[in-house]
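Try each task before reading its solution.

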Amino acid sequence: MVWEKLKSELRCKNFGFGYPRPKVCILSQCGPKWLYLICTTVFLIYHLSWLCYDIYIHTENRQTDDALYFTKLLNWSYTLLITFSNLIDFICTLSIHCRRKDILHQSKDETVAMPWYSQLNWLFFEISNTVAAIITIGFYSFLKPVGTPLALEYHAINSVYVLLSFFICSKPVRVLHFIYPEIYMVIYIVFTVIYQLGGNNPAIYWILDWNEPVRAMYTVLAVICVAVPLVHMTFFGLHILRDRIYKCCKKQPGIEDVEYEDKEVKGATV
């Protein structure tokens, strides 16, 4: 079954974000329709609170590394992916609950095209999952751990959030979507080259010191060719596991059937 699922994933159309049942992006795996809206609201408040705390700490302490803040991968990822992805998720979920009742109450036999904002939501979901896990693994494997609350939130609890959100939501994972976290990491790597060599600045991370090009290239190859595909495939495996758990639980009273079989979209309109 897993092999058949994997073969069905390896089709060119699966690079895209078309899906016949867009409500999977705004509902929890099981439970009432309003459950995921509550969850994503709580997650958004949580992340915005940490972001405000981070700004407060930097403003009050006037830390010497303020100029380097947005050179760090973890700050890119937390600000642009974890928080921004959560914000998009909240807006999409609230918008569909309020304005797209056809999606919210879509029947099993009805096909509706995926709106562009749900596709954007799905894109950030795929990127943020993989990148958050890589940051946690990389930080605690190769860099010096710091025990401050912010460091724990940005380096460790971010991955806890990703896993928690992953098992609550019903968004699918496409194997071929590994290309998007790859693109994100390539953009950051190019930025480190321009920042260090073009701006004559010190290396952002010792493992990406372009004055030591051999070591830096080993790091790039390890991230692009090993870490991103492996972590993304792990999430694909968790996606299958989540489906199995759901199918075992959906026979129980009170479990709402989200039903997200992958069908062809025919005659659907946005």
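On a 1 Å grid over the protein atoms alone, a pocket is an open set of points with protein on both sides within 12 Å along at least five of seven lines, and a cavity is a set where a 1.4 Å probe fits but cannot get out; lining residues have an atom within 4 Å of a point. Points join across faces, edges and corners, and a volume is the space filled by probe spheres set on them. The model is predicted: local features need pLDDT of at least 70, side-chain atom pairs pLDDT 80 or more, while totals for chains, interfaces and linings use all residues. Numbering starts from 1 along each chain, and side-chain values use heavy atoms, without hydrogens or water.

**Exercise 1.** Describe the largest pocket.

*Solution.* 
- Volume: about 1100 Å³.
- Lining: 41 residues, with Leu-74, Phe-139, Leu-143, His-155 and Tyr-205 closest to the centre.
- Main contributor: helix 8, with eight residues. Helices are DSSP runs (H or I, at least four residues), numbered from the N terminus.

**Exercise 2.** Describe the largest cavity.

*Solution.* 
- Search: one cavity of 30 Å³ or more turns up in the whole structure.
- Volume: about 100 Å³.
- Lining: 14 residues; Ser-85, Phe-125, Ser-128, Tyr-161 and Ser-165 lie nearest the centre.
- Main contributor: helix 3, with five residues.

Technical notes
Helices (H or I, at least four residues) and strands (E, at least two) are DSSP runs, numbered from the N terminus.
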